[in-house]
Amino acid sequence: MTDNKYVEHGAEVAAPADFLYPLVAEATAAPLVFPGTVHVEFLAHTATEERLRIWAVNGENARNWTSHRRIDADGMRVTFGQEKPVPPVASMVGQWHVEALDEHRSKVTLSHTYQAVDGDAEGERWIANLVDMVSGGQLAAMTEFAGLGGRSALEFTDSVELSCPVATAYAFVADPDRWADAGVPVEQVKCRDAGAGIQLVDLVADGTELSCARVGFENSHIGFKMLRGGPLAAGHTGTWTFEETQRGCRVGVRHVVAARYPAASEVLGAQAGPDDVRAHLAETVPAVSAAVLRHLSTPR
């Protein structure tokens, strides 16, 4: 029988444990914190156990998988494992553990236990390299998120009531190639299917190059994550929602942004502070989605 391989990565983070633990315990926070995670859907959910569908992208490499997690809030631990590992991985489970060092510092440990298919040595090396890369990236992302200078994400929402069917509204939002011709203020748009249910959208809006990954659930909702956004948004995720009404449908959009407050003076001027960052993001983040909603609500 092949022995399991165990590896552990850790980081000391300048943030309280009760700030860091929810970043891993609350699954829907992952797309905002971790660069590769695009969208998370609950398949089953209790206070201590959950099944998740996770979509992720790394460059042009897109994938999705189902994960089973156990939540130990008292011990500040989250144990996880993929239900159907993809070769060369035969099995893999892992655990996050957040431990308070004092009021302002914490130790975050991310461990993995895995086996390669048939104990293949080359497969084990591939898995070890992957675990090392992913673990290092996730711990670095958590450390960066903790150092942004703000303790909460900003949220912007908007919605419109329409007289058209849900399918009509969904079709327009799901196809950004149609936006420029409809008067939405985007200079360039390029959409492509990355596979694994992920749509990649590159666009230029107000002279700024943006890149977005989206996961669509037909006539229901579209989850999205900005892969490349403005300089004051360290993370930017959100959801389009579509709901039938007696007169037609309601379309809503929600943006969640992790503000990069330390960059205020560099981007907005020497005297700029947190209030200026919030005002700038409130104006720029919803600009394109607001224009999409205006187009949908304009009588034709």
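Predicted model: local features only at pLDDT ≥ 70, side-chain atom pairs only at ≥ 80, totals over all residues.

User: Thanks! Which element gives the most residues to the lining of the second largest pocket?

Analyst: The second largest pocket holds about 550 Å³ of space, and 28 residues line it. Elements that give two or more residues to this lining are α1 (17-25), α2 (30-33), β2 (37-45), β13 (233-244) and β14 (249-259). With five residues, the element that gives the most is β2.

User: By class, how many residues in the lining of the second largest pocket are nonpolar?

Analyst: Lying nearest the centre of the second largest pocket are Thr-28, Ala-29, Leu-32, Thr-237 and Val-256. Sorted by class, the lining has four charged and seven polar residues. The nonpolar residues in the lining number 17.

User: How many disulfides does the structure hold?

Analyst: A disulfide needs two cysteine sulfur atoms within 2.5 Å. The closest cysteine sulfur to that of Cys-249 belongs to Cys-164, and at 4.1 Å it is too far for a bond. For Cys-191, the closest cysteine sulfur is in Cys-212, 9.3 Å away, which is again too far. The number of disulfides in the structure is zero.

User: Is Cys-249 buried or exposed?

Analyst: Buried means a relative accessible area under 20%. For Cys-249 the relative accessible area is 0%, so Cys-249 is buried.

User: Now for the rings: is the pair of Phe-34 and Trp-96 stacked or edge-to-face?

Analyst: The structure holds four aromatic pairs, and Phe-34 with Trp-96 is one of them, at 5.8 Å centre to centre. This pair links distant parts of the chain, with Phe-34 in the loop between α2 and β2 and Trp-96 in strand β6 (residues 89-100), 62 residues apart. Both residues, Phe-34 and Trp-96, are buried. Planes under 30 degrees apart count as stacked, and with 25° between its planes the pair of Phe-34 and Trp-96 is stacked.

User: And why is the pair of Tyr-170 and Phe-242 classed as it is?

Analyst: Tyr-170 sits in helix α4 (residues 166-173) and Phe-242 in strand β13, 72 residues apart, so this pair too links distant parts of the chain. Tyr-170 and Phe-242 are each buried. Planes over 60 degrees apart count as edge-to-face. The ring centres of Tyr-170 and Phe-242 are 5.1 Å apart and the planes stand at 70°, so the pair is edge-to-face.

Technical notes:
Residues numbered from 1 in each chain as written. Heavy atoms only, no water. 1 Å grid on protein atoms, 1.4 Å probe; cavity = no way out; pocket = protein on both sides within 12 Å on 5 of 7 lines; lining within 4 Å. Points joined across faces, edges and corners; volume = space filled by probe spheres on them. Helix = DSSP H or I, 4+ residues; strand = E, 2+ residues; numbered from the N terminus. Nonpolar A, V, L, I, M, F, W, Y, C, P; charged D, E, K, R; others polar. Buried < 20%, exposed > 50% of the residue type's maximum accessible area, 1.4 Å probe, protein only. Phe/Tyr/Trp six-rings, centres within 6.5 Å; stacked < 30°, edge-to-face > 60°.
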